[in-house]
Amino acid sequence: MSTVPILILTQPECTFCDAAKAIFERLSRDYPLSVSMVAVDSPDGASLAQRGGVMFPPGIFIDGKPFSYGRPSERKIRREIERHLREARKRAEETLSEGIADSL
């Protein structure tokens, strides 16, 4: 199973950022996640926020794509992770099928 890269743009003393961290801590028990955090006021964080349309933290990126900002929804995040994993499995199965067909 592939690992889903998660990036959270955070800032200190941010209640929604703390909520996002707690959500991903719980979800990492159920899904193969690689969670990293970047301060929104750092040069990298500011650039990511601008490119991703993040108006305020936390900004959440799933597999490098902007997903949401502000108050996080665990249900919405869970659905997106499951969708991402289904698509990854489908791509892996298609690649395997193509490899088998090519070897015949």
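**Salt bridges, helix faces and loops**

Arg-83 is partly exposed, with a relative accessible area of 31%; this label covers values between those of buried residues (under 20% relative accessible area) and exposed residues (over 50%), using a 1.4 Å probe and protein chains only. The structure is a predicted model, in which local features need pLDDT of at least 70 and side-chain atom pairs count only at pLDDT 80 or more, while totals for chains, interfaces and linings use all residues. Residues are numbered from 1 along each chain as its sequence is written, and side-chain values use heavy atoms, leaving out hydrogens and water.

Helices (H or I, at least four residues) and strands (E, at least two) are DSSP runs, numbered from the N terminus.

Helix H3 spans residues 74-103, and Glu-74 and Arg-78 within it are likewise 4 residues apart, so about one helical turn lies between them. The side chains of Glu-74 and Arg-78 meet in a salt bridge at 3.4 Å, N to O. Glu-74 is partly exposed at 23% relative accessibility, and Arg-78 is partly exposed too, with a relative accessible area of 26%. The structure holds 6 salt bridges.

Which residues of H1 are buried? They are Cys-17, Ala-20, Ile-23, Phe-24 and Leu-27. These residues lie on the same side of H1, because they cover an arc of only 120° around the axis; the arc is that of the directions from the helix axis to the C-beta atoms. On the other side of H1, Thr-15 and Glu-25 are exposed.

Gly-45, Leu-48 and Ala-49 are buried in H2. Looking down its axis, the buried residues fall within an arc of 100°, so they line one face of the helix. The face turned away from this buried side carries Pro-43, Gln-50 and Arg-51, which are exposed.

Glu-13 sits in the loop between strand S1 (4-10) and H1. Its phi is near 55°, a positive value in a residue other than glycine. With a relative accessible area of 85%, Glu-13 is exposed. Asp-63 has a positive phi as well, of about 55°, although it is not a glycine. The place of Asp-63 is the loop between S3 and strand S4 (65-69), and at 31% relative accessibility Asp-63 counts as partly exposed.

Which peptide bond is cis? The one from Pro-57 to Pro-58 is, with omega near -5°. Pro-58 lies in the loop between H2 and S3. Met-55 is found in the loop between helix H2 (43-52) and strand S3 (59-62), and Met-55 counts as exposed at 61% relative accessibility.

Finally, Ser-42 belongs to the loop between strand S2 (33-39) and H2. How far apart are the C-alpha atoms of Ser-42 and Ala-92? They are separated by 36 Å, and the two residues are 50 residues apart along the chain.

Terms used
Salt bridge = Lys/Arg side-chain N within 4 Å of Asp/Glu carboxyl O.
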